[in-house]
Amino acid sequence: MNLTILKDQLNQQILSLLPEQWHGLVSSVLPQHWQEWVLPLMGLPFLMLFALEWLYQKSKGKDKNFSIKRAVTNFSLGGTYLLFEIIAQALVVLPICMWVYHFRFFDIPVTWLTAVPIFVAVEFCYYWFHRASHRITWFWSAHVVHHGDDKMNLSTAMRQSLLYSVVGWWLFFTPLMLLGVHPVWVFFFYALDLIYQYFIHTEVVGKLPAWIEYIFDTPSNHRAHHGTNPEYIDKNYGGVLIIFDRLFGTYVEEDLVNNPVRYGAVGEQTTDNMPKAIFTVFLRMWRQFFNEKGLKNKLAALFSPPENQKLPH
């Protein structure tokens, strides 16, 4: 199958559904490379798998963490995230990344020999992006949306913020572009990383064989990452792999018996109000920035750890 032709067909199908006067504007933001369609196309399969998960858990009498309202919230947040990412990537992110790529040191093509090393490099960049998203308020202001669910099921994976491109997730991947990996391929492998992570947001799977738990981010490892229990906070940042957490001292094992995970975001309330979920921490950060006196304090409002935010009484 010619994937470029498939991309063109998808673009044309979208345009055919819209008034002709919108075609020029929409064409400017539709994916220009087939790799950019990988993540958006997973929307329907993700929804179907969530429905199957819900039915399975209901058959086992374990569906207390499921609700229509929360599912609608989570998938709606995922939809707005994907839509905004497409627009932001076309108009801002990809042009900036292509400018960075212009100064590359080498040319690293994607082949069967280079694909795995490039993916591991993308995972390494993701680890640091994810770690920064927990330890720096600027990035946490977007990532907090994902941790705002006090339940865990596949829909939780879709609970994403449209602010990710605003705060600059892509900055962490620019070193790969400087090395010589084309930005579109970097985005492609990043999308594969995110697709994998959909499947680890579940309580259906317990612990897997020890060697899998040692190498990969699994449902068990990722449940611990979502925990507000003191032992679980700021641990297990990996996307597909857990080896960088082990290497850099941020790994913790889930204790299903003695320390079951309590989900959520520390200091924040779970909400199904989408604007509140997206903008509460972001606006609080900026209010603190403008209220602080002196450049040092203002910068601290943006770049200090999230626990330093002044929470409303």
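Helix H13 (residues 274-291) packs against helix H14 (residues 295-303) at an angle of about 170°, and their axes lie 8 Å apart. Angles over 145 degrees count as roughly antiparallel, and H13 and H14 are therefore roughly antiparallel to each other. The model is predicted, and its count of cavities of 30 Å³ or more comes to 2.

**Contact of H13 with H14**

- On the H13 side, the residues in contact are Met285, Trp286, Gln288, Phe289 and Phe290, which meet Lys298, Ala301 and Leu302 of H14.
- By class, this contact comprises 6 nonpolar, 1 polar and 1 charged residues.

**Largest cavity**

- The volume of the largest cavity is about 330 Å³.
- Its lining consists of 23 residues, of which Tyr81, His146, Ala157, Gln160 and Leu194 are the closest to the centre.
- At least two lining residues come from each of helix H3 (43-59), helix H4 (68-101), helix H5 (115-135), helix H6 (137-147) and helix H9 (183-198).
- The lining of the largest cavity holds 13 nonpolar and 10 polar residues, with no charged residues.

**Second largest cavity**

- The second largest cavity has a volume of about 250 Å³.
- Glu36, Leu39, Pro40, Glu85 and Gln89 are the closest to its centre among the 19 residues that line this cavity.
- H4 and H9 are the elements that give two or more residues to the lining of the second largest cavity.
- This lining divides into 15 nonpolar, 2 polar and 2 charged residues.

Methods
Residues numbered from 1 in each chain as written. Predicted model: local features only at pLDDT ≥ 70, side-chain atom pairs only at ≥ 80, totals over all residues. Heavy atoms only, no water. 1 Å grid on protein atoms, 1.4 Å probe; cavity = no way out; pocket = protein on both sides within 12 Å on 5 of 7 lines; lining within 4 Å. Points joined across faces, edges and corners; volume = space filled by probe spheres on them. Helix = DSSP H or I, 4+ residues; strand = E, 2+ residues; numbered from the N terminus. Nonpolar A, V, L, I, M, F, W, Y, C, P; charged D, E, K, R; others polar. Axes fitted to C-alpha atoms, helices over the stretch in contact; angles between N-to-C directions. Parallel < 35°, antiparallel > 145°, perpendicular 65-115°, else oblique. Contact = heavy atoms within 4.5 Å.
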